Amino acid sequence: MRHPLGNKLPLLALLLAIAAASLTLSLMIGSVDIAPLELWKLLWRDDGSTHYRIIHELRLPRSLSAFGVGGVLALAGLLMQALLRNPLADPYILGVSGGAAVAVLGAMLLGLPFAWQAPMAFGGALASILLLFSLAHSGNWNTTRLLLTGVVLAAGWSALISFVLSLSPPVQLPGMLFWLMGDLSDALNPALPLAVLGSGLLLALWLAPALNLALLGTARAAALGVRIRRLHVFIYLLASLLTAAAVSIAGAIGFIGLIAPHMLRLMTGSDHRILVPGSVLLGGSLLVLADTAARTLIAPMQLPVGVLTALFGVPLFLFLLNRGTVGRQS
Amino acid sequence: MSPPVLTTRKLSLHIGRTKVCSNLNLEIQPGECWGILGPNGAGKTTLLHVLAGLRPADSGEILYGRRQLPDLSPREQALWRGLLFQDGLGGFPGTVFETVLAGRHPHLGRLGWETPEDLRLAQAAMDATGLKGLEQRNVSTLSGGERQRMEIAMLLAQAPRLALLDEPSNHLDPDQQILMLRLLKKHFSDSGRAMVMVLHDINLAMRFCDNLLLVRGNGQHRSGSVTGVATEDNIRWLYQHPVSLLQAEGTACFHFL
C-alpha cells in the first residue's frame, strides 16, 4: 500500500522549481537586464564588471532576504492557523505587526537613530504578543477568544498608528508610511532572515505530525496522546517569534501568511508534513516575485512591497474563498 | 490473573452544581462490556472524560491495569484507552483515510511516520466499518452516519485495551447501530479487551452490555451485572419516569409509559 504522502512529493519538487525560477528572474531584471547565461557566469566568477556588483551587492542579498522573509511569514501564518484551527488566523490579523509598527513609529517620532528600528520592531511585536497572551489566556485556552482579542488589539494599534502619524512632522511621514507598508529596500543582509527561516522550518517539521492531530481539536489530540497544552504554547511562541523577526527585517508585509498556506491546502489537503515545507517555498517565492515587481514596475521609483502583496493578495484570497475551501474549512 | 483494565477507587466528581458521582468504586475486567446510563445532564460524558484522563476528578484514584493513571505519559494513556467522542470533528478536515490513519498516532515512532503495517490497519478499520471506497473523500462531505463510522474506524485503528464510547449509536440508522455495536463488541470485549459506553437507549444497553452503571445526577449511583441492575425499580429511580419490563421469548425490553 502506498503512503498517502507518496503522491504529494512531486508537488514539493514543483515548488522547489518555482522558487529557483523566481529567484533567477529576480536576479535577471531591474535597472539593467542581465541575460541568463551571463547571470550564471557572474554568479560564480568576479569579472570586475558593474553587473557583478549589481548582482552580488544589490539583487542577490535583497532577493534572498525577500525569500527568507516570505518563507517566515508563510510559516508563521500556517502555525497560527493550526493553533486556532481557523483559516483566517495570521499574526498580522492578531495585531502582532501593529504592535511592532507603533514601537517603530514611536522611535521615528522621537528621532531615535535608524539602527534602533529593528530592535524596536522586535520589542513591539513581542510586547503585543505578551499583551494578547495575558488578555486572552486567563484560565483556559479558548481559540475564539484569542482570535477576537487579537482582532480588537489590532484595531487598537491601528488607532495608535494614526495618532502617531497625525503628530509627526511632514518630513518624517514618507519614511513612516514606507515602513508601515512593508519594504525590503534596506534588507541587504540575507543571513538573518535565512537563519530564522532555517531554524523555524526545522522546528515546524519536527512538530508536523502533532500539528496534524491538533487540527482534530484539543480533546481528540489529547486522547491520541499529544501533550496538547504544551504544544499550543510552543506553536504560539514559535509563530510569534517568527513574526517578530520578519517585521523587524521588512516592516509590515501582509497577506503572505494568509495566501501561501491556503493555496497549498487547496492543492494538497491538510497534512503538515507537506504544508510546512510547501508554505515556506511558496511564501518565499511569492515575496521574491512581489519584490521584483515592486522595484521594476514603475522604475526608477520603488513601490513598498506590502502594497503589492495586498493588491494581489486581496483578489486572490477572495478567489480562494469563492472556490469554497476557506469557507468550508472554517 | 490479569488485573482489571480499569479500576476506580472512591472517585468523586462534580460539575457546577451537579454531583456526578461520589465514592464510585468500579472494577472493569478484561472482556467486559459496561454501559453507563443516566438522565440528560447527569454528567455521563464528563465522567467518561475523567475515566480517559482528559480532566481531573475531585478526589479518588483511577488505575489502568496496576498503574495509577497520572503516572502514565499521554502516549501510554493513548495506547491503553481510546475515546469515541460525541461531538463532531471540526477544524480543517483532510481525507477520510488520513483521518482514520491519525488513530495510529500513539503507535508511531519518534518521527511520526506511518509504516506499511499502520496503513494496513487503517485500511482494515475502514473496511470493517463499511467505508471502503470513501478513502479519498474529504471528511466535510460525509453524512452524519458516515462520519460516526469514520470515528469508529479511527478508534479501531488506535486499537487500545479499553474503548470509552460516548453514544456510539449516534447518527446511525437502526441496522447500522446493531452492526457497529456488534463490531465494537467483537473488537473489544470479545477479544479480552474491555469497553465502556454511554448510551441513551436502555434496550441497546441490555442487549450488548454485561454490566451497567446508573448515574442519577445527584451523586447516587448503582452498578453491577445487567441482570441485577436492570430492574423496573432501578430504571424508574434513574429516569424518574414510569416504566414496565416486557419479557417474551427469552428477551426483555423496557417500555417507557
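The lining of the second largest cavity divides into seven nonpolar residues, one polar and two charged, where Ala, Val, Leu, Ile, Met, Phe, Trp, Tyr, Cys and Pro count as nonpolar, Asp, Glu, Lys and Arg as charged, and the others, Gly among them, as polar. This is a predicted model, in which local features need pLDDT of at least 70 and side-chain atom pairs count only at pLDDT 80 or more, while totals for chains, interfaces and linings use all residues. Residues are numbered from 1 along each chain as its sequence is written, chains are lettered from A and ligands numbered from 1 in the order in which they are written, and side-chain values use heavy atoms, with hydrogens and water left out.

A cavity here is a set of points, on a 1 Å grid over the protein atoms alone, where a 1.4 Å probe fits but cannot get out, and its lining residues have an atom within 4 Å of a point. Grid points are joined across faces, edges and corners, and a volume is the space filled by probe spheres set on the points.

The second largest cavity holds about 110 Å³ of space, and its lining consists of R220(A), A223(A) and L224(A) together with L83(B), L84(B), F85(B), E151(B), M154(B), L155(B) and Q158(B). At least two lining residues each come from helix 9 (218–223) of chain A and from strand 6 (81–84) and helix 5 (144–158) of chain B, helices (H or I, at least four residues) and strands (E, at least two) being DSSP runs numbered from the N terminus. Helix 5 of chain B gives the most, with four residues.

Two or more of the lining residues are given by helix 8 (191–214) of chain A and by helix 3 (96–102) of chain B, and helix 3 of chain B supplies the largest share, four residues. By class, this lining holds twelve nonpolar, nine polar and five charged residues.

Turning to the strands of chain B, strand 1 (residues 6–15) runs antiparallel to strand 2 (residues 18–28) of chain B and is joined to it by seven bridges, two strands being paired if DSSP finds at least two bridges between them. L11(B) has L24(B) in strand 2 of chain B as its bridge partner, and in the hairpin of these strands, with two residues between them, G16(B) takes a positive phi near 55 degrees. Strand 1 of chain B also pairs with strand 4 (residues 59–64) of chain B in the antiparallel sense over five bridges, and S12(B) stands opposite S59(B) in strand 4 of chain B.

Note on methods: On a 1 Å grid over the protein atoms alone, a cavity is a set of points where a 1.4 Å probe fits but cannot get out, and a pocket is an open set with protein on both sides within 12 Å along at least five of seven lines; lining residues have an atom within 4 Å of a point.
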